[in-house]
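Let's take a walk through a protein model together, one residue at a time. Keep the sequence and the 3D view open as you read.

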Amino acid sequence: MSENYKKVQNRECEFFPCHKGIPEDEFNCLFCFCPLYTLKDKCGGSFIINNGKKDCSECTRPHDKNGYDFIMSKIDMAVKLGSDF
C-alpha cells in the first residue's frame with residue numbers, strides 16, 4: 001500500500017523550502033502550520049521563546065520524512081486540548 005497521503009509539496013510557495021536542513025526532495029509541506037503548536041512545550045519539536053511567543057522557525061519535525069508519523073503520534077493531545085475550550 002502506498003503512503004503518498006503522508007507527503008505534500010508546494011514548490012511554488014514563495015517560502016519553499018521554509019526551513020533549512022531538509023533536502024528539497026524530502027521536504028513535506030503537509031503540516032505547513034503545525035497542529036501541535038498549541039501543545040506549547042509538550043509539542044516535541046525544537047522551538048524557542050522569542051519576545052514571549054513560541055517561535056518554531058527552526059523546527060523541522062513536521063517537515064522531514066517522518067513528520068507525518070510524528071504529528072499523528074501526538075495529534076490526540078492537540079485534539080483533547082481543543083475540546084477543553
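Predicted model: local features only at pLDDT ≥ 70, side-chain atom pairs only at ≥ 80, totals over all residues.

Before we set off, one term is needed: a salt bridge is a side-chain nitrogen of Lys or Arg within 4 Å of a carboxyl oxygen of Asp or Glu.

K6, at 14% relative accessibility, counts as buried, because buried means under 20% relative accessible area.

The side chains of K6 and D69 meet in a salt bridge, at 2.9 Å from N to O. This pair brings together distant parts of the chain: K6 sits in the segment before β1, while D69 belongs to helix α1, 63 residues apart. D69 counts as partly exposed, at 42% relative accessibility.

Now turn to R11 and E24, whose side chains meet in a salt bridge of 3.2 Å, N to O. Both R11 and E24 lie in the segment before β1, 13 residues apart. R11 is partly exposed at 47% relative accessibility, and E24 is partly exposed as well, with a relative accessible area of 40%. Stepping back, salt bridges with shared partners join E3, K6 and D69 into one network. How many salt bridges does the structure hold? There are four.

Our next stop is N28, in the segment before β1 (48-50). Is N28 buried or exposed? Its relative accessible area is 2%, so N28 is buried. Leaving aside residues up to four places away in sequence, N28 touches K6, K7, V8, P62, H63 and D64. With V8 there is a further detail to find: a polar atom of the N28 side chain lies 3.1 Å from the backbone nitrogen of V8.

Finally, visit M77, in helix α1 (residues 67-83). M77 has a relative accessible area of 38%, so it is partly exposed. Which residues does M77 touch, not counting residues up to four places away in sequence? They are L39 and K42.

Definitions and conventions:
Residues numbered from 1 in each chain as written. Heavy atoms only, no water. Helix = DSSP H or I, 4+ residues; strand = E, 2+ residues; numbered from the N terminus. Buried < 20%, exposed > 50% of the residue type's maximum accessible area, 1.4 Å probe, protein only. Contact = heavy atoms within 4.5 Å. Polar contact = N/O pair within 3.5 Å; in protein donor to acceptor, adjacent residues only side chain to side chain.
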